[in-house]
Amino acid sequence: MRKVFIKYDPYEMKSTVVVDGREIQKNKHCDSNLKRYLEPGIHMPIQSWIDPIDRDNWKGLLETICLMGDKDINVEFAGRAVDYESIKNSFIAQNARRNLGAKLTFCDLTEEIIPDSKMKKSIGEVINLMLTEKFEKIVNESNSKDLIDKYNHLRETYEDIEAEEFRIVFTGTYSSGKSSTINSLLGKNLLPTASGTCTAKICRIIHSEIKDGLAKVIYFNNGKKKEFICQTEEEVQEKIQIAEDAVEKIEVFTDLSKLYPNGVEKDFNLIIVDTPGTDSATGNDTKKTEEESKRLTKRSHIEITKEVLKSKQKEMVVLISDDKLEDDNIVELLDIIEESAEKDDGAFNDRFLFVMNMCDSLTYSNAGETLDNYIKNFIANIKKVPNSTRIRNIVNPRVFPISSGAALAVVNGFTDIPGINEGMTKKAELYGYYEGFCKKIYYYDPSKLESNFDGLIEQIKTQYQNYPNYCLEQKSSVSEAIKYDYSTKLEGDLDLPGRVLIHSGVPALEDAIREYIRSYAYPIKVRQLLNCFTDILDELKNLNSEEFEALEEAKKAYSDAVSSKERTEQEEKQEEKRKEQLQSAKVKMEQVKREIDGIKDTIPEINSLRSEFTTMKNGIAGKVNGRQKVLKSEGDEIISDISNKVDKLLGKINDTVKLVKDKKKDATGNLYKKFIEYVGELEDEGLMQNGKFSLKDTVTYQKLVDKEKFTDPEEDTRYEDNPNKEHIEFGYGIGNFFSSIGRAWKTRKEPETIRRTYIDIEKYISENVDPIEATIARYVDKLKGDYKSDIDDLKSDTKKRIDAVIQLIKEKNEEIEQIKTEAYKIAADEKQCNIQIEKLNEDRKYLDQLIAKLIYTQI
């Protein structure tokens, strides 16, 4: 029997897999993917890699273990019960779906981590104990400025984290079925979905139990709000649709329990954010100016998405699209997602869900066409960068093919043929989706299927080639266990609408959201709450131990009659040794600073943008050949060529910007590495430890080595002249210019006369190409300047941190010496000494009591 031990800490998102007493990644034949998932610096939920990932050529953990030989597998687990349940279900599903033939035995939990809800309650109790006068006195006696400052903001920090929302932002192209998808997930029709309409405002749907109705709708306008209690879905839709232009934001409060996973408390603030379509910010409101539309679109998508992706909660983004992945705003969103994924080292890629809607409209009339091919093309478009050969670094994007129309029909119960008087109703429209998708999946119409489903299904599976292409749930990026559950339900006694709903892929999307909240979002929140004060407790416990040890030593010195002279000589020797260590540290510090100064703050590739433009301009000049005007046919060809060249130039600019970002990331990583290596050398020399007191457990030290604060420089927001204010447009579509040029025509009276249309190509170039030169020059100078400024700031900040570590060591050494001096004074008076020892023992018990509440493993 092969013994497998799995340990998973959901708050650190760290996994350990031991097979027959040896960590699996230390096996020389271990799969490279598994080694990557288990790397010390990687934080990934076990649910995100335990299953097979076909596109990554990862076979899954169970098959990897089976390939080691013995398939009689005994599984032990240490962690949360809910995570063990996920692992059990995953192993059972992998074994059944992939015919692995493993004999699985699951042991009881060996080390159980208490549930998140209980952990959260313990944290609340600890906070209340820490906010007492007794604890405040212990903190103030520490004399640590950073610790006292953090303690003073403890309640505020805790309340901020506790009140943090978890947002799921839905974005996508106009008419991609975004609102119908949200309605399907909610199980109620709150958002307007009528053909030709779109949500023209940012709409936040917030979990709340409304006693007096179905939902509460609030309009926000210039700091004022107006509330409406709605009893029906139609009322909610109407309030959203008729909101005036002046309304900046709409909030809908309603019950979102359907999206909460089991075991997660409803005080977790779940919010759905619906944004207007990226390519139609104002819906059908043609009165809006182009600039207003662009402004609304940018605010709706780019800024909100940036906010969400910067959140420490690692919130979710659901991008719903058909085939319009080259829309400018979608391209920018994909760029932001790529940048965020790279920053997280791919650890939180599960929060990006890419939805292929309207899969019921896909056809498979040509040989070789399959849903797999459509998904591959969709992924290729996600990774494709327009006008560039670069491929986006979005690893294993989670794709969900769905049919929101069919799902919405089932959710609403519109699965019966509508009556003649219902021909122009929503019911008729949705039933059309249901009927159409039903025929796509099963070939036959619903009425025939309902009368003889059992008799037809085997024929459908064996003879109807398109059946697998419309089983959308099987191609969704959900766990093996969830897919296995769908298969089990479909093999059982399930009615036709229930089957169509599963095949629509919407339940898979819903399950993916729930799994992410359970596996990532809620543990992240609990971890944030823990982090807001654990370093305070660590430092106080350290100080307490140091004071206690100093008193014990002083007391012993007096009882052993150690002379003052001997004691002074010992202290002088220790002080001399510390001085030598500090001097050595300073020498290393100067060496590290020189290495930091050697990091380049320039990128030669930026200059190539100028030469790219010059090459482009010379190519245009060669075609124009000094002419002021050319025939329209030739002019159209030249303008088309200019458009293509400008597109390539824009692609080159985008590639250069990505290069600059990558270089900055590399430089930042290099600087942080040098800093941590320097701190490690100080630790090796014993400078980070003084007796029982460790500098690594101080609030100040944690601030210095916090990688997130290291990589995020201070931001200074100012209003400056916009260098891109010129609004240059490229390409053929310059309406006003071309409308002024007459059309070629032949008169009846003078048929021999031919009127030719010429284009003033010189004017076109001077208006559309020449201004680019100045813009490119400014852009290059700005890019170079910004990069140099950022790198110089990072270098300066790193050197300051290095200085700060030395200063911290000196200050803490002086603090410890002061503690020892005070200890000797107290020890001289036996009564006073006993009082102080008793006080320290009481403080220690109090601190131990608090820390015990935070130990989340139960042995």
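Mentor: The protein chain exposes about 43,300 Å², and carbon and sulfur atoms supply 47% of that area (Shrake-Rupley method, 1.4 Å probe). This is a predicted model, in which local features need pLDDT of at least 70 and side-chain atom pairs count only at pLDDT 80 or more, while totals for chains, interfaces and linings use all residues. Residues are numbered from 1 along each chain as its sequence is written, and side-chain values use heavy atoms, with hydrogens and water left out.

Of the 859 residues in the protein chain, 47% are buried (under 20% relative accessible area, 1.4 Å probe, protein chains only). The chain has 29 helices and 20 strands, taken as DSSP runs numbered from the N terminus (helices H or I, at least four residues; strands E, at least two).

Now the sheet. Nine strands form an open sheet with mixed pairing, in the order β10-β9-β11-β8-β12-β7-β13-β14-β15; two strands pair if DSSP finds at least two bridges between them. At the edges are β10 (224–230) and β15 (398–401), each pairing on one side only. Neighbouring strands are turned by 20 degrees against each other on average, direction ignored (axes are lines fitted to C-alpha atoms, for helices over the stretch in contact; angles run from 0 to 180 degrees between N-to-C directions).

Within the sheet, β8 (residues 202–207) and β11 (residues 249–254) pair in the parallel sense over six bridges. There H207 stands opposite T254 in β11. Helix α19 (residues 506–531) packs on the sheet and touches β7, β12, β13, β14 and β15 (contact means heavy atoms within 4.5 Å). The direction of α19 makes about 145 degrees with that of β7.

Technical notes
Buried < 20%, exposed > 50% of the residue type's maximum accessible area, 1.4 Å probe, protein only.
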